Amino acid sequence: EKPPTRRITTVDLGSRMRGRGVGLLLGLCAALCLSGSTATCPTFTAWLRPDGWAGIHPVICGGVQCNNLDGFVTITVAPDAASITVSLQIQAAPDSSNIPTFLSAGLYGPALPGEAMPESAAGPLFLVEPPPSPTLAASTWSVTTRLRPANLPAILDALRTGRGFFSVSTDRVPEGELRGQFHPPTCLEAQLRPAIEIPPAWEVTEPYAFVSMMVSGAAYSGGDSVRDIAVHFQLPTDRARSLSSAVTQVKAIDEAGGSILVVQPSPWDSCVRGSFDGRNQGGLLCSDQQRHTYAGEVNLEGQASPVFHVAHRAPKAVVDAVRNATARFVVETVNSRNDPGAEWEVEGRVLDAVPCRRLMSQHDSLYSVAREFRSDWVTLWSLNEGNPDVRRTLEPRYYAHPLQVLRGETSFAISRRYGMSEGEILKVNPAIADINTLPVGSVVCVVPNWQATVAGNGQRVCT
C-alpha cells in the first residue's frame with residue numbers, strides 16, 4: 001500500500017420551510033447514471049435528529065419532544081465539481097406508535113449549528129423529491145440520486161463554510177422535525193480478505209469486502225464523550241470476489257474477539273429499541289401492530305440506494321476501540337460458520353482512510369478514472385500497484401497525489417509548482433473551506449499538469 005501522504009518530487013513521474021419557497025427541486029434536475037468509480041469517503045455528512053432544532057423552534061409530538069425518527073445524509077461532489085450525489089436515509093424507532101407524513105427534505109443555509117436561517121434567505125438550496133416515506137412495515141427508507149443543480153456554487157459555498165444544514169419537515173412539525181449540520185467526516189476503512197485458506201468446495205477464489213466508517217466531529221455530535229457513526233459495508237458483485245455463501249455476521253471486534261460494533265446482515269424485525277430479535281419487552285414475538293421491519297445493512301457494489309448502519313451519540317470509547325491498532329472487521333458466512341477450521345471468511349484491520357482514492361467498479365479502469373480527473377493513466381499507474389488493465393472491484397485506487405501541507409505553504413505556491421489553477425485545486429478538493437488558508441498538516445489532493453509542473457529549483461519538469 002502506498003504511504004498516506006508524501007511530498008511530490010520529479011521521481012513520482014512514472015420551504016416549504018417557514019414559508020420561504022421551495023427553491024430548486026431535485027426532481028427538476030437532470031439525473032445522471034450512478035455507475036463508475038465512487039469516493040471511499042463522502043465529501044460531507046450530516047446526522048439528522050429532532051434536537052438539531054434546539055433553541056430555534058419546538059419539536060413537539062403529542063405534547064412531548066419528538067424522538068422516534070432520525071436520519072443520515074451524505075453529499076459527494078463529482079470529480080468535475082459539476083454534480084453532486086446525495087444519499088438520504090430516514091429510520092423510525094422500533095417503539096414508534098405512528099410515523100408522520102413527510103412534507104419535504106432538503107439542504108438549507110446559510111446558518112451555523114443552532115442558528116435559524118436569515119430572513120433574507122431565498123429558501124432551500126435543494127429538495128429531495130419525492131419526500132421520504134418510511135412506514136411501520138418498512139421503517140428504513142433510503143434514496144440516492146446524482147444531480148446537476150443550477151445553483152451548485154451556492155450549495156458548495158454553504159457546505160464548505162459549515163453553514164449548510166439538512167432539514168426534514170413533517171405534518172406534525174412543518175417547520176422542520178429533523179435537522180443536521182453538514183461537515184466533512186472523519187473516515188476509517190477496512191479491506192477484508194480471506195482469513196483462512198479458502199476450501200475448493202466453496203467455489204470462490206478471492207472473497208473480499210470493503211467497509212467505510214464515517215465519524216462526526218465533537219462539535220456536531222453533542223459533546224466530547226460521544227460521536228455519531230455511520231458504516232457502509234459493501235460486497236463485490238463479480239463472482240471471483242464474492243463471498244462463498246450468505247452472510248451471517250458482520251462486526252468490528254477487539255483483539256480478544258469481543259464485539260465493538262455490529263452491522264445487521266439481513267432484514268430484521270423489532271419493537272424494542274436496541275433489540276433485533278423481533279420480540280417485545282415480555283419476550284413474546286412483536287405483534288403485527290408493534291412490529292417494525294428494517295433493511296439489512298449489507299450492500300452490493302453499485303447498489304442504487306445504500307443502507308448505512310447508523311448510530312447516534314455512540315460513546316466515543318466505541319470509536320477509540322475501532323481505531324485501535326488491533327481492531328478488525330470480520331465477516332462470518334454460512335460456510336465459515338459450518339467449517340470447524342474457519343471462524344471468519346474475511347477480515348481486515350481498521351485504518352484511517354487514505355485521502356485521494358476512489359473505489360473501482362467492475363466497469364472502471366485507470367483510464368476511465370484518469371479521464372474523470374483530467375489526468376492520464378500513466379500518472380495513475382505510477383501511484384497504484386499492479387497491472388493497469390486489471391479491474392479490481394471495490395479496491396481503493398489513487399486518483400491524485402496526496403500532498404501534506406507544510407508550514408508557510410500556500411495554495412498559490414501549490415498551484416504554481418504543480419501547474420494547477422486554484423479552481424482546479426478546489427475541484428479535486430471540494431471540502432476545502434478557504435483556499436487561501438490551508439491548515440498545516442492537512443492533505444491536499446494534487447493532479448499535476450506535467451507540462452507546467454516545476455521542480456524545487458524552478459525549472460520545468462517537462463520541456
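**Cysteine pairing**

I numbered the bonded cysteines of the chain in sequence order and found the pairing 1-4, 2-3, 5-6, 7-8. A disulfide here is a pair of cysteine sulfur atoms within 2.5 Å, and by this rule I count four disulfides.

A note on the source: this is a predicted model, where local features need pLDDT of at least 70, side-chain atom pairs count only at pLDDT 80 or more, and totals for chains, interfaces and linings use all residues. Residues are numbered from 1 along each chain as its sequence is written, and side-chain values use heavy atoms, with hydrogens and water left out.

**Cys-41 and Cys-187**

I looked up this link next: the sulfur atoms of Cys-41 and Cys-187 are 1.8 Å apart. The link is right-handed, with 55° about the S-S bond. Cys-41 lies in the loop between β1 (38–39) and β2 and Cys-187 in strand β12 (residues 186–194), so the pair ties together parts that are 146 residues apart in sequence. Strands (E, at least two residues) and helices (H or I, at least four) are DSSP runs, numbered from the N terminus.

Is Cys-187 buried or exposed? I found it buried, at 9% relative accessibility. Buried means under 20% relative accessible area, exposed over 50%, and partly exposed in between (1.4 Å probe, protein chains only).

**Two further disulfides**

Cys-61 is joined to Cys-66, S to S 1.7 Å, and this link is right-handed with 95° about the S-S bond. I noted both Cys-61 and Cys-66 as buried.

For Cys-356 and Cys-445 I read 2.1 Å between the sulfur atoms; their link is left-handed, with -95° about the S-S bond. Cys-356 lies in the loop between β23 (351–352) and β24 (357–359) and Cys-445 in strand β27 (residues 443–446), so this pair ties together parts that are 89 residues apart in sequence. Both Cys-356 and Cys-445 are buried.

**Helix α1**

I then turned to α1 (residues 152–160), where the buried residues include Leu-152, Ile-155 and Leu-156. Among the elements that cover the buried residues of α1 are β5 (69–77), β6 (84–92) and α8 (422–428). Just after α1, I found Gly-162 with a positive phi of about 75°.

**An open sheet**

Which order do the four strands take? I read β8-β7-β10-β11, an open sheet with antiparallel pairing. Its edge strands are β8 and β11 (178–181), each pairing on one side only. Two strands pair if DSSP finds at least two bridges between them; β7 and β10 (residues 165–170) have six, in the antiparallel sense. In β10, Phe-165 is the bridge partner of Tyr-108.

Note on methods: Contact = heavy atoms within 4.5 Å.
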